[in-house]
Amino acid sequence: DQARCVARNIAHPDAPEAYRSSDYVWSDQYDWKVQVAGQRARATAEWVIGTPAGERPQVMVVHADADGRVCAVVGLNWPRAFVRGRRLLDERTTAAQARDLLAAP
C-alpha cells in the first residue's frame with residue numbers, strides 16, 4: 001500500500017494523496033492461505049463463492065455494508081480471486097457486481 005501511494009505521488013506531484021491503509025492481513029497455515037481485506041465489522045450481508053468442499057477448498061467470502069457495497073473480502077486458498085476481490089473492495093464496487101465478477105471463471 002505504501003509503495004503504491006509513493007509511486008502514485010511521484011507520478012502525480014501536482015495532486016498528491018495521503019497514505020491510507022487498506023486493512024489487509026494474510027496468513028499461511030502450512031499449505032493453506034488465508035487472506036482478509038477490509039472491515040468485516042461493517043458487514044450486514046455476506047456471500048460465499050467458490051468450492052468449499054474437498055480436501056483443499058477454494059473460497060471467497062464477499063461482505064457488504066448497509067449501502068450494498070463491498071466492505072471486506074476473505075479468501076481461502078484462492079489468491080487470484082482474492083486479488084480481484086481486493087481491487088473491487090478498493091473501488092467500492094456493489095456486492096452484486098462483485099459476486100458476479102468473482103464467480104465468473
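Is Arg 92 buried, exposed or partly exposed? I looked that up before anything else. Arg 92 comes out at 33% relative accessibility, so it counts as partly exposed (buried is under 20% relative accessible area, exposed over 50%, partly exposed in between, with a 1.4 Å probe and protein chains only).

**Ground rules.** I'm working from a predicted model, where local features need pLDDT of at least 70, side-chain atom pairs count only at pLDDT 80 or more, and totals for chains, interfaces and linings use all residues. Residues are numbered from 1 along each chain as its sequence is written, and side-chain values use heavy atoms, with hydrogens and water left out.

**Arg 92, continued.** I placed Arg 92 in the loop between α2 (79-90) and α3 (helices are DSSP runs of H or I with at least four residues, strands are runs of E with at least two, numbered from the N terminus). Its phi is positive, about 55°, although Arg 92 is not a glycine. I noted the background too: most residues other than glycine have a negative phi.

**Tyr 30.** I found another positive phi at Tyr 30, near 55°. Tyr 30 sits in the loop between β1 and β2. With 84% relative accessibility, Tyr 30 counts as exposed.

**The sheet.** I traced an open sheet of five strands, ordered β1-β2-β5-β4-β3, with antiparallel pairing (two strands pair if DSSP finds at least two bridges between them). β1 (24-29) and β3 (45-51) are at the edges with a single partner strand each, so one side of each has no neighbour in the sheet. The twist from one strand to the next averages 10° (axes are lines fitted to C-alpha atoms, for helices over the stretch in contact, and angles run from 0 to 180 degrees between N-to-C directions).

**Pairings.** I went through the bridges next. β1 and β2 run antiparallel and are joined by six bridges; Tyr 24 stands opposite Ala 37 in β2. β2 (residues 32-38) pairs with β5 over five bridges, also antiparallel, and there Gly 38 faces Ala 72 of β5. β4 (residues 58-64) pairs antiparallel with β5 over six bridges, with Val 62 partnered by Val 73. β4 and β5 make a hairpin with five residues between them, and Gly 68 in the turn has a positive phi of about 80°.

**β5 and its cover.** I checked burial in β5 (residues 70-76): six of its seven residues are buried, so this strand is largely enclosed by the rest of the structure. Helix α3 (residues 95-103) lies across β3, β4 and β5, and runs at about 5° to β3 (contact means heavy atoms within 4.5 Å).
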